[in-house]
Amino acid sequence: MDELRIAGRSFQSRLMVGTGKFASNQAMVAAMEGSGCEIVTVALRRVDIDNPQDSLLNHIDPARYLLLPNTSGARDADEAVRLARLARAAGCEPWVKLEVTPDPYYLLPDPIETLKAAEILVREGFIVLPYINADPVLAKHLQEAGTATVMPLGAPIGTNRGVRTRDNIAIIIEQATVPVVVDAGLGAPSHAAEAMEMGADAVLVNTALAVARDPGAMALAFRKGVEAGREAYLAGLGKPQDKAEASSPLTGFLRNEPPRHEDTK
Amino acid sequence: MMITLNGKSRDITTGTTLQELLDQLHIDCRTVVVEHNRQIVSRQQLAEIVLSADDSLEVIHFVGGG
């Protein structure tokens, strides 16, 4: 596959993987390996002081994966900026998946706070990958503010509903000057393939892998879906037509055709 | 003296440094990031900062997330 470039860095894989909700660290590692991903998202939370856990970082090889901390849990720009700074202080490269989701029911991103936070973080030297609703105008504002990508949602986080925002994602892709990563809601490899066929540069998947009976095998299936979709996009897909277009010749049949109606006029 | 640690009150010995507190709690400082009264603390500073009464601490680490 052709390489993906984000903020001057090259990636062979166009599938990013989230590390949340896996039944075990082994299942998470199986999904990371099956997916062939090079970018994994992580979240920042308080340590459980009375019951310190095994560090997640013991299971993610930093030489193999770029850690992309998210700002999940942030309800406004200030909280998101605070989390991004903490992630960088924890030793991460200054990459951040910016998400501001004040509404816990649909987890839809707040466009105004996201743009505000993006402007601050870009100024501070962060490489900002903002999670957004599939709003083409917002996507333009963000790329003008200097974000490294835009990450429109296909459907709300964790819903497995596919590319429900298809028409707006098509507009975002058409207008994009930065890579478009379709994030959230992709529940099946066909959903990932659909996004890639449309010309998305990459996709991010988490729940679909974490809830699969076999996360490693599902991750491999998503990898194939992403690759198939990308290759189809590059090869050039046929346009949908209203009427049939025969694939076999409409001449030389083993019968004598009567003159066609138009010819007798 | 009392401090607030990850949102909960905690009684600690006067004169404790941040590094000593983490050691007492069996927390490996390489796996966490610490905020002291809303200021991010670098690992080098952990041993230098002596805690005061009513200080507020956040000890944060990475967890799985999308």
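Strand β7 (residues 127-132) of chain A pairs with β8(A) in the parallel sense, over two bridges; strands count as paired if DSSP finds at least two bridges between them. Helices (H or I, at least four residues) and strands (E, at least two) are DSSP runs, numbered from the N terminus. This is a predicted model, where local features need pLDDT of at least 70, side-chain atom pairs count only at pLDDT 80 or more, and totals for chains, interfaces and linings use all residues. Residues are numbered from 1 along each chain as its sequence is written, while chains are lettered from A and ligands numbered from 1 in the order in which they are written.

**The open sheet in chain A**

- Y131(A) sits opposite M151(A) in β8(A).
- The open sheet has three strands, in the order β6-β7-β8 (chain A), with parallel pairing.
- β6 (95-98) and β8 (151-152) of chain A are the edge strands with a single partner strand each, so one side of each has no neighbour in the sheet.
- Helix α3 (residues 111-123) of chain A lies across β6 and β7 of chain A and runs at about 175° to β7(A); axes are lines fitted to C-alpha atoms, for helices over the stretch in contact, with angles from 0 to 180 degrees between N-to-C directions.

**Where chain A meets chain B**

- Chain A puts 26 residues into the contact and chain B puts in 20 residues; two residues are in contact if their C-beta atoms, placed from the backbone, lie within 7 Å.
- On the side of chain B that touches chain A, β3 (33-36) and β5 (56-64) of chain B supply at least two residues each.
- β5(B) gives the most to that side, with seven residues.
- That side of chain B splits into 10 nonpolar, eight polar and two charged residues. Here Ala, Val, Leu, Ile, Met, Phe, Trp, Tyr, Cys and Pro count as nonpolar, Asp, Glu, Lys and Arg as charged, and the others, Gly among them, as polar.
- Strand β4 (residues 39-46) of chain A runs antiparallel to β5(B), joined to it by five bridges.
- R46(A) stands opposite I60(B) in β5(B).

**Chain B by itself**

- Chain B has one helix and five strands, in the pattern β-β-α-β-β-β along the sequence.
- Its C-alpha atoms fill a box of roughly 40 × 25 × 20 Å along the principal axes.
- Of the 66 residues of chain B, 26% are buried, meaning that 20 or more other C-beta atoms, placed from the backbone, lie within 10 Å of the residue's own.
- Among contacts in chain B with a separation of 6 or more, 54% link residues 24 or more positions apart.

Terms used:
A residue is buried if 20 or more other C-beta atoms lie within 10 Å of its own, exposed if 12 or fewer, and partly exposed in between; C-beta atoms are placed from the backbone.
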